[in-house]
Amino acid sequence: MTTVRESETADRFHRTAERPRAARGFNTPSAARTAARYLLLLLVLLLVIGPFLWQLSTSLKGATEDVYTRTPSFVPDQPTVGNYGKVADTIPVWTYALNSVIVAAVCITGNVVGCTLAGYALARLRFRGAKLLLGLFLATLVLPGEVTIVSQYVLVRGLGLADNLLGVALPGAIAMLNVLLMRTAFAAVPAELDQSALVDGANVWQRLWHIGLPNVRGMLSVIVIFTFIGAWDDFLWPLIVLNDPQKYTLTVGLQYLNGTFSANPRLIAAGTMIAFLPIVVVFAVCQRFFFKGVEEGAVKG
């Protein structure tokens, strides 16, 4: 009896071994193609992260290290954080950083509030001239910022906001692209939710707060991040509007690290890292909402 079972097991094993392997699907990449993809991703990673790591390395190098050597060293021989303290001694970096925070806060508040209201109105409300207004928003995206910068300065100066941080933040307080993004996000919310709330007696503000906003938090985080980066990194517009060095934003104030007769690349790299750190913080706080889109939303009471 045992011999019969052993023979049946052996036959079953041989049949399984002789069975042909399943053919690879059309979407299954080959080993060479997979390796090429990883090499391409590694190349892109080096191109994106490489300059940042080099600036970080330069900011940590001591005064005796030669940063212009023919064979540069990526790892500092004598790492030090003293360059960051020298930046604060050379320029009022914290005053400049505070000015940049104020400008970024005004821009973020204006875009979050204004673009949310405008996007919801264009997506959910019916009023005369809505299509014309949407066309005007789209038309503004055709013009580059350099075309309107002179008229913006004349307008800001006419309002008495020249050499003022509010004048720096005002043109970026509401971006037309962000309005269109919010309109697209609100339009993706199922219309049945609005109709059900309308039957229950909810007004426009209640529908916006309890139905619209919970479904567009992902898009709001995108707008907050890119608005902050745009306001924080802007150099040309603050340089045109501001005259008082005490009101300079951080990107404009960092130009004093590059002197006319001398320039220390270690201090410039340290100032760049100081300006880059808030962007990392804002992205770390908001990035968890990136992948929470319309499917996350629910009617919240």
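Leaving aside its neighbours within four places in sequence, which residues is T116 in contact with? Here contact means heavy atoms within 4.5 Å. The partners are N111, M182, F186, L208, L213 and L220. T116 itself sits in helix α4.

A quick word on what you're looking at: this is a predicted model, where local features need pLDDT of at least 70, side-chain atom pairs count only at pLDDT 80 or more, and totals for chains, interfaces and linings use all residues. Residues are numbered from 1 along each chain as its sequence is written, and side-chain values use heavy atoms, with hydrogens and water left out.

**Overall fold**

The protein chain has 14 helices and 0 strands. Helices (H or I, at least four residues) and strands (E, at least two) are DSSP runs, numbered from the N terminus. Of the contacts with a separation of 6 or more, 73% come from residues 24 or more positions apart.

**What is buried**

Buried means under 20% relative accessible area, exposed over 50%, and partly exposed in between (1.4 Å probe, protein chains only). By that cut-off, 31% of the 301 residues in the protein chain are buried. Here are three of them:

| Residue | Relative accessible area |
|---|---|
| C107 | 4% |
| C115 | 0% |
| T116 | 6% |

As for disulfides (a pair of cysteine sulfur atoms within 2.5 Å), the count is 0.

**Nonpolar cores**

A nonpolar core is a set of buried Ala, Val, Leu, Ile, Met, Phe, Trp, Tyr and Cys residues joined through side-chain atoms within 4.5 Å. The largest one holds 33 residues, and V87, I91 and L250 touch the most other members. Several helices give two or more residues to this core, including α4 (93-124), α11 (217-233) and α14 (265-286). Apart from it there's another core of 16 residues, with L122, F137, F186 and L213 among them. Two of these names, F186 and L213, also turn up as partners of T116.

**How α3 meets α14**

Helix α3 (residues 82-90) packs on α14 at an angle of about 90°, and their axes are 9 Å apart. Axes are lines fitted to C-alpha atoms, for helices over the stretch in contact, and angles run from 0 to 180 degrees between N-to-C directions. The two helices, α3 and α14, are therefore roughly perpendicular (under 35 degrees would be roughly parallel, over 145 roughly antiparallel, 65 to 115 roughly perpendicular and the rest oblique). On the α3 side, N83, Y84, K86, V87 and T90 take part, meeting R266, L267, A270, G271, M273 and I274 in α14.
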